[in-house]
Amino acid sequence: MTARSSVVPKPAFEQVIEQHGLTVLRVCRATLGVHDADDAWSETFLAALQAYPRLPDGANIGAWLVRIARNKSIDIARAASRQPIPTAELPELPSQLGNPGLENDDLWRAVAGLPEKQRLVLTFRYLGGLSHGEIAALLGGSVPAARRAAADGVAALRSTYANLNQQGATR
């Protein structure tokens with residue numbers, strides 16, 4: 001007599017879908033609600049189809065599928081939380097969070113009008129707090145060139161800003 005293994009071979013994947021499809025759909029609906037459950041169900045069985053050949057014989061297929069469904073439901077919920085929420089009306093005033101110096105439009109227009117290298121050097125130096133050496137390494141130049149660009153940028157801003165102030169005083 002030969003000893004037989006008590007491990008049950010895996011059924012065909014189509015049978016797995018027939019046997020566990022409703023359970024997976026219920027898990028997805030309970031986790032996500034009706035609207036996103038179909039997507040989670042589909043993604044669950046796509047992932048399961050890819051991993052099924054590596055699933056050992058005798059594994060608890062129902063528990064395995066529920067775990068996949070749970071993970072796919074979490075993925076879909078996370079993705080949905082990153083989507084913008086539409087609104088019927090925009091706020092009256094824009095937020096000043098993230099817009100420092102909004103009260104000084106002339107200065108920011110003058111900064112925007114600088115040549116790119118001067119604008120970047122001034123941004124990294126005075127807003128980012130980087131040293132001239134760090135700026136040179138970041139922009140791919142020498143330390144003296146970074147110092148020169150900073151000095152030229154500040155001089156241009158002083159000149160432009162002084163002209164703007166004189167125009168405002170003569171109005």
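**The nonpolar cores**

Modeller: The largest nonpolar core holds 18 residues, and Y52, I61, W64 and L65 have the most contacts inside it. Such a core is a set of buried Ala, Val, Leu, Ile, Met, Phe, Trp, Tyr and Cys residues joined through side-chain atoms within 4.5 Å, with buried meaning under 20% relative accessible area for a 1.4 Å probe, protein chains only. Keep in mind that this is a predicted model, where local features need pLDDT of at least 70 and side-chain atom pairs pLDDT 80 or more, while totals for chains, interfaces and linings use all residues. Numbering runs from 1 along each chain, and side-chain values use heavy atoms, without hydrogens or water.

Helix 1 (13-32), helix 2 (34-51) and helix 3 (61-81) each supply at least two residues of that core; these are DSSP runs (H or I, at least four residues), numbered from the N terminus. Helix 3 gives the largest share, 6 residues. Zoom in on I61: leaving out residues up to four places away in sequence, I61 touches P11, V16, H20, Y52 and L55 (heavy atoms within 4.5 Å).

There's also a second, separate core of 11 residues, with A110, L114, I135 and A146 among them. I135 turns up again where helix 6 meets helix 5: L120, V121, F124 and R125 of helix 5 touch H132, I135, L138 and L139 of helix 6. Helix 5 (residues 116-127) and helix 6 (residues 132-139) pack at about 135°, axes 10 Å apart. That makes helix 5 oblique to helix 6.

Technical notes
Axes fitted to C-alpha atoms, helices over the stretch in contact; angles between N-to-C directions. Parallel < 35°, antiparallel > 145°, perpendicular 65-115°, else oblique. Buried < 20%, exposed > 50% of the residue type's maximum accessible area, 1.4 Å probe, protein only.
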